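Dear colleague,

Please find below the structure that I am handing over to you.

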2 protein chains.
Amino acid sequence: MKTLSENASFGGVQGVYSHSSDACQCEMTFAVYLPPQAKHGKVPVLWFLSGLTCTHENAMTKAGAQQWAAEEGIALIFPDTSPRGEGVANDPAYDLGQGAGFYVNATEAPWAPHFRMWDYIARELPELVFAEFPLDRDAQGITGHSMGGHGALTLALTHPEIYRSVSAISPIANPTASDWGRKQLTAYLGTDESKWAAHDASLLLAEKGYPGTIMIDQGAKDQFLDLLKPEALATAALLKRQPLRLRLIETYDHSYFYVASVMQDHVKFHATNLRA
Amino acid sequence: MKTLSENASFGGVQGVYSHSSDACQCEMTFAVYLPPQAKHGKVPVLWFLSGLTCTHENAMTKAGAQQWAAEEGIALIFPDTSPRGEGVANDPAYDLGQGAGFYVNATEAPWAPHFRMWDYIARELPELVFAEFPLDRDAQGITGHSMGGHGALTLALTHPEIYRSVSAISPIANPTASDWGRKQLTAYLGTDESKWAAHDASLLLAEKGYPGTIMIDQGAKDQFLDLLKPEALATAALLKRQPLRLRLIETYDHSYFYVASVMQDHVKFHATNLRA
């Protein structure tokens, strides 16, 4: 692991690191925020997965999460959203390839050799960060924005034993029925749609439920609402009798100005769940 | 108007009154809580509509609302749920007739002469209480439980110019598709289902929306969830891009123990909206 930068932030440390990833077969960059409480022992962890076109940097610099993480004594991890580099496949579109890993293990050419973000987030990066930082492996929550909300929900619904708390901000909630999803799932997983269901939060929720309350926030003025489909997730949750906190919040759009506006609520939600 | 009782409560007064109702053609009982702030001028109003089998008394004695109303300086009005008395039609079932007015103006025999709860709540009772008590007519919110949540939502969606704030606790959310609804709408309004749509919150919301955030709470362990259909309301709200706060709360059932558990949130929600 290389340290790319470390900055003092709200009494703790915001670091950026890189490492050679086996899962993605390339150098991967990620950010970790350690709150002041980490000086005295292991702290709970909140994973924040980012959306299309983002790197580890967007949420780290624009979500204003560190102040709330410091208040609650919880660490933040901001992974990248895809493999990157010269030998890594890409596409001219903003919503496929680098910056658009969709948190799946690709099985199709040309993506399969590097695009294994599911394994990277759920298996490889945890091994590294739990070895390197004072983090409590038994107190992990996960959240994310847009494509990252999709990642957070699908990972938590599949691995509730890892993620004891889950929320999402404007998630891609039903990708098998959306142009944000069908294109990417076809590219990464192939045309057999039966393989897509494991990566659709609404379908997973209807099938499995989750052993805790799921919190979802969505801006009512989000320019991408037709692609996000929160109604599918709400219906699945309510029919499953899944404990839920859902807000469709007036005036907010899809930007990080909105993400920052609800960040305190999400950090507090996870901190409370992980202390319970 | 006759005063049946007045009791000091959290620095204010909880009163129970009756009057001869033109709309319902019988003596009607209702309760008003005036917070301490009403001694010094007009205060905002929160209407609380009750559910099947209830009178004005259930929420007044079991919801614990007065403490929060006193804190926020907001009055509470608890109407009855139907006309009552010897000359008033009834049915042996708990969910039809007296105690089950469903907040409609009945057009069918034997209900039409007395069962005009829509007009009673929206027109007649306001005239009385605004004449008799120091209440701010321009600051009215409405909420309710179960059948009362249905009443609150349908009244507010139809008359947003009257009700500037609306929430509901475990509302009957889609009565045209539920056994809590189809039976009563048939009895009171007849078999022409086109006349029912004006009394279905999910259909009204899909058609009209509401110029403010709607707050809905629902217990995840509610024994009547199949009859309440919150998923229909959630879908209608999200597809309409209607600002919404929706909670499906783990462990809670349909009782007043649950209503009391969320009452503070509802009183604060309305008080905040009505001050804005």
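**Aromatic pairs, a helix and a cavity**

A:Phe115 counts as buried, at 1% relative accessibility; buried means under 20% relative accessible area, exposed over 50% and partly exposed in between, with a 1.4 Å probe and protein chains only. This is a predicted model, in which local features need pLDDT of at least 70 and side-chain atom pairs count only at pLDDT 80 or more, while totals for chains, interfaces and linings use all residues. Residues are numbered from 1 along each chain as its sequence is written, chains are lettered from A and ligands numbered from 1 in the order in which they are written, and side-chain values use heavy atoms, with hydrogens and water left out.

Over all chains, a search of the whole structure finds 16 aromatic pairs. Rings of Phe, Tyr and Trp (its six-membered ring) pair if their centres lie within 6.5 Å; planes under 30 degrees apart count as stacked, over 60 as edge-to-face and the rest as tilted. One of these pairs joins A:Phe115 and A:Tyr188 and is stacked, at 5.6 Å centre to centre and 20 degrees between the planes. A:Phe115 lies in the loop between β5 (75-79) and α3 (117-132) of chain A, and A:Tyr188 in helix α5 (residues 179-189) of chain A, so the pair ties together parts that are 73 residues apart in sequence. Helices (H or I, at least four residues) and strands (E, at least two) are DSSP runs, numbered from the N terminus. A:Tyr188 is buried, with a relative accessible area of 0%.

A tilted pair is formed by A:Tyr252 and A:Tyr258, at 5.4 Å centre to centre and 40 degrees between the planes. Here A:Tyr252 is partly exposed, with a relative accessible area of 27%, whereas A:Tyr258 is buried, at 1%.

Among the buried residues are B:Met147, B:His150 and B:Leu157.

The lining of the largest cavity has 6 nonpolar, no polar and no charged residues; Ala, Val, Leu, Ile, Met, Phe, Trp, Tyr, Cys and Pro count as nonpolar, Asp, Glu, Lys and Arg as charged, and the others, Gly among them, as polar.

Yours sincerely
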